[in-house]
Amino acid sequence: MEKKVYELKIDPDLRDLIPPLSEEEYNMLEDSIVRDGCDTPLIVWNGVIVDGHNRYEICRKHNVPFACDEKEFADKDTAMFWMLEHQLARRNLNSYQRSELALKFEPMLKREAKKRSMAGKPLDPPQNSAGGSSTGETREKIARIAGVSRDTIAKVKKIDANADDETKQQLRSGKKSIHMAYTDLMNKEHEGETRVCECCGKEKPFSEFRIASKSTEYRTICKDCEDNAKKAAKEAEKAASLPGPASVTGIGIRDGQTAHISTGLPDDPAMFDHVVDLLRHSQNAYLASFEATLNQYRPSMVTPEHNDLIRQMIDYIADTTEELLDKHIEEVK
Ligand SMILES: [Zn+2]
């Protein structure tokens, strides 16, 4: 086809389907067309532009001739699908832009799924007529087209319906993440509402709970408890990697515990100092572990009955250690 400045038709549905170029991208394209001419033919269907809206605008503005490539599509939906695939493959779009683009095809995908289920099995009971599983199937397809997870598609859908234009611009330019924008929306939606943390039992506003990046729902444990659990896990890991406290000659102390005494201390009154050291160590280790455990005894759990139960345990420990001492004195006598 001969290169010239053609007069083509613009279908706003087709033009607005694709995210516009950034100012920088547009200027680069304009410079290159003015400098080198337009090499890539525009894709046209029945005189309507399918691909090349920006090039058309630039070529008309500067009077640069271009070629057209006439394509055959069964209908507008098919032409739109072609555009989608073409754009996703060619443009450098982030996951929000890809999801946004892919979501524009949801009505078409739904129509197609309905057509397929009606044409395919006319005598079968209409399993998908309620829309349940066909909606899931459509969502799955959109996620695949966009190359993101189904949760991400669900988040983008909510953002598209509820977020302001500024947020959408930040998402398109990559200044804000989908997860962040979604969390902001959810916090606004649940403003004034509270939930009880499963860990500390405190009633807190929803904004005090995180949404997992691979979920669309709030966690059941509050941010504070989540952070505390992470900190405790880190500390335990650190403590486990440290060497045990000072060892006593002849007796090893490993991982903060008195090690199995394979060779006993010599039976000498002077050795009693070591025994006291070991007992003191074992006492400190016990108290440290008791204190750490008590930190898990959270305000909402505290009742007179629970306090009593813990006191009984303390008494039991005192009684039992005394019994052990008595038994030992009896044995060595
Ligand atoms: Zn909590």
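1. Asn46 sits in the loop that joins strand S1 (42-45) to strand S2 (48-51). The model is a predicted one. Asn46 is not a glycine, yet its phi is positive, at about 50°. Its relative accessibility is 51%, so Asn46 counts as exposed. The cut-off for that label is over 50%.

2. Asn63 has a positive phi too, near 60°, and is likewise a residue other than glycine. Its loop runs between helix H3 (53-62) and strand S3 (68-70). Asn63 is exposed because its relative accessible area is 58%, against a cut-off of over 50%. When checking backbone angles, look at Asn46 and Asn63 together.

3. Now the metal site. Which residues coordinate the zinc ion? The SG atoms of Cys197, Cys200, Cys222 and Cys225 do, at 2.2 to 2.3 Å. Along the chain, these donors follow the spacing C-x2-C-x21-C-x2-C.

4. Why is the arrangement around the zinc ion called tetrahedral? The four donor atoms subtend angles of 103 to 120° at the ion, and therefore the arrangement is tetrahedral. The test asks that all angles lie between 85 and 135 degrees. For reference, the ideal angle for four tetrahedral donors is 109.5 degrees.

5. Are Cys197 and Cys200 buried or exposed? Both Cys197 and Cys200 are buried. Buried here stands for under 20% relative accessible area. These two cysteines are among the zinc donors.

6. Next, the strands. S6 covers residues 209-211 and S7 covers residues 218-222. The two strands pair in the antiparallel sense, over two bridges. Ile211 has Tyr218, in S7, as its bridge partner. S6 and S7 form a hairpin, and six residues lie between them. The range given for S7 is 218-222, and Cys222 is one of the zinc donors.

7. Last, the surface. Which residues make the nonpolar surface patch of about 290 Å²? Phe272, Val275 and Leu279 make it. Phe272 belongs to helix H12, which spans residues 272-294. At 52% relative accessibility, Phe272 counts as exposed, since the label applies over 50%.

8. In brief: a zinc ion held by four named cysteines, with SG as the donor atom in each. A tetrahedral arrangement of donors. An antiparallel pairing of S6 with S7. A nonpolar patch that includes Phe272.

Technical notes. Residues numbered from 1 in each chain as written. Predicted model: local features only at pLDDT ≥ 70, side-chain atom pairs only at ≥ 80, totals over all residues. Heavy atoms only, no water. Donors = N, O, S within 2.8 Å, 3.2 Å for Na, K, Ca; no water. Tetrahedral: all angles 85-135°; square planar, octahedral: opposite > 155°, others 65-115°. Buried < 20%, exposed > 50% of the residue type's maximum accessible area, 1.4 Å probe, protein only. Patch = residues over 30% accessible without salt bridge, like charges linked within 9 Å, V, L, I, M, F, W, Y side chains within 5 Å. Areas by Shrake-Rupley, 256 points an atom, 1.4 Å probe, with all protein chains shown as cover. Salt bridge = Lys/Arg side-chain N within 4 Å of Asp/Glu carboxyl O. Helix = DSSP H or I, 4+ residues; strand = E, 2+ residues; numbered from the N terminus. Pairing = 2+ DSSP bridges.
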